[in-house]
Amino acid sequence: MGCDRNCGLIAGAVIGAVLAVFGGILMPVGDMLIEKTVKKEAVLEEGTIAFKSWVKTGTEVYRQVWIFDVQNPEEVAVNSSKIKVKQRGPYTYRVRYLAKENITQDSETHTVSFLQPNGAIFEPSLSVGTENDTFTVLNLAVAYHNTADGVYKVFNGKDDISKVVIIDTHKGKKHLSYWPSYCDMINGTDGASFPPFIEKTRVLQFFSADICRSFYAVFGAEINLKGIPVYRFILPSLAFASPLQIPDNHCFCTEKIISKNCTLYGVLDIGKCKGGKPVYISLPHFLHASPEIAEPVEGLSPNEEEHSTYLDVEPITGFTLQFAKRLQINILVKPGKSIGALKGLKQNYMVPVLWLNETGTIGDEKAEMFRNQVTGKIELLGLVEMILISVGAVMFTAFMISYCACRLKSVK
């Protein structure tokens with residue numbers, strides 16, 4: 001009977017050890033299976049999860065516009081007074097609701113080319129007024145045309161998953177003609193997704209065609225989005241730094257007077273991208289800009305929560321599940337003797353015209369699908385691994401203690 005009991009205790013300990021070892025083995029094996037599956041499904045080719053989501057995101061994307069209505073145009077023109085502005089908005093449009101067109105795979109270069117139609121539908125229920133509202137602003141033509149944004153060619157990841165969705169060319173060019181030297185590089189993706197297996201130390205590069213430049217984002221925080229763990233990457237203030245702070249920004253400083261020989265920060269010149277017009281971009285309300293830039297303007301109230309840009313990216317797949325891209329359009333105005341409205345000006349103005357907030361969040365239905373097909377399975381695998389290791393360790397320890405106790409008791 002003693003043998004039966006001791007043998008049972010030893011068997012229990014062995015089973016516990018086997019369970020713990022199996023759980024330990026399952027961890028690297030499971031990680032390998034996850035990595036293999038993600039690499040397969042992240043490739044941009046017919047039949048993959050990534051391709052289906054990439055062709056048409058299915059995420060509602062909205063572009064909100066706030067107009068800076070000038071309250072004292074006569075005072076400014078005659079007395080060169082401070083510009084008093086009043087923010088009016090939002091005026092909301094639904095964008096990016098159209099599927100990609102003319103999709104063509106190139107097996108030799110492992111790229112896929114496409115057209116992305118740019119459609120915009122006005123959403124009255126999400127707006128403060130109508131498209132017929134009037135404002136007092138600089139004479140700047142602003143439109144949302146139903147045209148395609150040129151031909152994109154991106155890597156499909158078939159040969160190298162670390163390059164998937166990274167832009168190879170835009171409008172047939174690897175280098176935009178607007179800027180000299182390395183400043184004309186198109187870096188990264190379009191921001192809708194990134195190569196998978198993202199770590200917190202990675203810097204995410206994304207290209208924005210409407211302002212003809214690439215930006216970068218750095219890790220900010222971990223958050224939970226509709227039950228899905230995501231990494232929030234934020235656009236740092238240094239993205240709008242002066243060339244003294246970030247030498248790479250030298251090509252966005254071509255105007256030496258108002259920038260005080262490129263020592264001020266917070267605005268970037270994109271005039272060469274806009275047909276030579278004195279157009280500058282910044283964060284809304286001149287967030288993180290030199291105080292001197294906003295000093296001639298009254299009515300601004302920058303704050304980090306409302307005016308910063310971020311991307312919420314699921315780290316395993318690299319899919320962007322939520323984002324907010326916020327930028328302000330400004331016009332540089334100088335005194336001009338040949339223009340009547342500018343004769344009375346005695347100083348330069350960086351005049352805010354409008355700011356944009358383009359946002360998108362994964363829908364409830366797609367979030368549920370994502371949880372079921374991706375994060376849910378990964379969490380279940382991790383749970384099984386931990387249960388096997390924990391139960392196995394407890395069984396092994398308990399049965400071995402019981403066995404040792406029985407052996408000591410029998411010796412006495």
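Which residues form one aromatic cluster? In this predicted model, local features require pLDDT of at least 70 and side-chain atom pairs count only at pLDDT 80 or more, whereas totals for chains, interfaces and linings use all residues. Residues are numbered from 1 along each chain as its sequence is written, and side-chain values use heavy atoms, with hydrogens and water left out.

The cluster consists of Phe-51, Trp-54, Phe-114 and Tyr-152. Rings of Phe, Tyr and Trp (its six-membered ring) pair if their centres lie within 6.5 Å; planes under 30 degrees apart count as stacked, over 60 as edge-to-face and the rest as tilted. The structure holds 10 aromatic pairs. One of these, formed by Phe-206 and Phe-215, is tilted, with 6.3 Å centre to centre and 35 degrees between the planes. Both Phe-206 and Phe-215 are buried (under 20% relative accessible area, exposed being over 50% and partly exposed in between; 1.4 Å probe, protein chains only).

Strand β4 (residues 111–118) is largely enclosed by the rest of the structure, because 7 of its 8 residues are buried. Helices (H or I, at least four residues) and strands (E, at least two) are DSSP runs, numbered from the N terminus. Strand β3 (residues 101–106) pairs with β4 in the antiparallel sense over 4 bridges, pairing being assigned if DSSP finds at least two bridges between two strands. Within this arrangement, Thr-104 stands opposite Ser-113 in β4. The hairpin of β3 and β4 has 4 residues between the strands, and His-110 takes a positive phi near 55 degrees.

Ser-193 lies in the loop between β7 (167–170) and β8 (204–208) and is buried, with a relative accessible area of 11%.
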